[in-house]
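Hi everyone, thanks for coming.

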Amino acid sequence: MNEKKMTVNPMWVLFLGACPALGATGTLRGAVSMGITVLAVMLLTALVTALLRRILPERALIAATVLTAALFTSAAQLVLHAVLPSVYKMLGVYLAVAAVNLLVFSRGADNASGLCVGKAVVTGLEFLAVIAVVALLRELFGLGAVWGQEISFFKAHTVASIQKPMGGFLVYAIVAAIVNALFPAACAAQEEPGFAGVAAGTAEGGNE
């Protein structure tokens, strides 16, 4: 079936990574910072896991993926704290959430199964694009600004609730509904087997 690539984006189909997506989308700057960090963690985790699968037994690969993701997330926190303290402060606890993010694990598990490392890069870029769109809408209509720069018209007609957690869920749900309506994902769950699918309850194993 010739499905659009957007239909198999875990952010829209399985809602993996939704927690940091909502937590860091108050501003576009925060969302882009989170997206780049998660992309880096996903890529490094995928590369290391792809190497580990050659020396570790199959049953140990998921545990190795978890530990590898936690390692690189901690490293990312230290680097941001030292080099970009303002970004570190902006992301706060949501940066640490990447260490237990099913989005990261899903691509690590893919590579543990022998799939291409490039899939982690594609998903990371899609994750960045998704949270950037949600953040753009929340910052524009909630704060009347884009990347910290105020826009007079929107500033005079802001909706404060969009900046609250409820607003994050609302904007994310609306955008996800639009995307899934434009790109029907009826068969997308079958594209995400294994650990991520079971954890999300979409694979056959998740229903057993």
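I'll go through some aromatic rings, then a pocket, then a surface patch.

A quick word on ground rules: this is a predicted model, with local features needing pLDDT of at least 70 and side-chain atom pairs counting only at pLDDT 80 or more, while totals for chains, interfaces and linings use all residues. Residues are numbered from 1 along each chain as its sequence is written, and side-chain values use heavy atoms, leaving out hydrogens and water.

Okay, rings. A pair of aromatic rings is described by the distance of the centres and the angle of the planes. For us, rings of Phe, Tyr and Trp (its six-membered ring) pair if their centres lie within 6.5 Å, with planes under 30 degrees apart called stacked, over 60 edge-to-face and the rest tilted. Take Phe141 and Phe154: their centres are 5.5 Å apart and their planes sit at 85°, so that's edge-to-face. Phe141 is in helix α8 (residues 118-143) and Phe154 in helix α9 (residues 152-155), so this pair ties together parts 13 residues apart in sequence. Helices here are DSSP runs (H or I, at least four residues), numbered from the N terminus. Then Phe153 and Phe154 have centres 5.4 Å apart and planes at 85°, so they're edge-to-face too. Ring pairs link Phe141, Phe153 and Phe154 into a cluster.

Phe141, at 35%, is partly exposed, Phe154, at 24%, is partly exposed, and Phe153, at 54%, is exposed.

Next, the largest pocket, with a volume of about 190 Å³. A pocket is an open set of points on a 1 Å grid, for a 1.4 Å probe, with protein on both sides within 12 Å along at least five of seven lines; lining residues have an atom within 4 Å of a point. It's lined by 13 residues, with Ile36, Thr37, Ala40, Ala76 and Leu80 nearest its centre. Helix α3 gives the largest share of that lining, 6 residues.

Last, the surface: Leu170, Ile174, Ile178 and Leu182 make a nonpolar patch of about 400 Å². Ile178 sits in helix α10 (residues 165-182).

Notes
Patches are made of residues with over 30% relative accessible area and no salt bridge: like charges are joined within 9 Å, nonpolar side chains (Val, Leu, Ile, Met, Phe, Trp, Tyr) within 5 Å. Accessible areas come from the Shrake-Rupley method with a 1.4 Å probe; for residues, only the protein chains shown count as cover. A salt bridge is a side-chain nitrogen of Lys or Arg within 4 Å of a carboxyl oxygen of Asp or Glu. Helices (H or I, at least four residues) and strands (E, at least two) are DSSP runs, numbered from the N terminus. Buried means under 20% relative accessible area, exposed over 50%, partly exposed in between (1.4 Å probe, protein chains only). Grid points are joined across faces, edges and corners, and a volume is the space filled by probe spheres set on the points.
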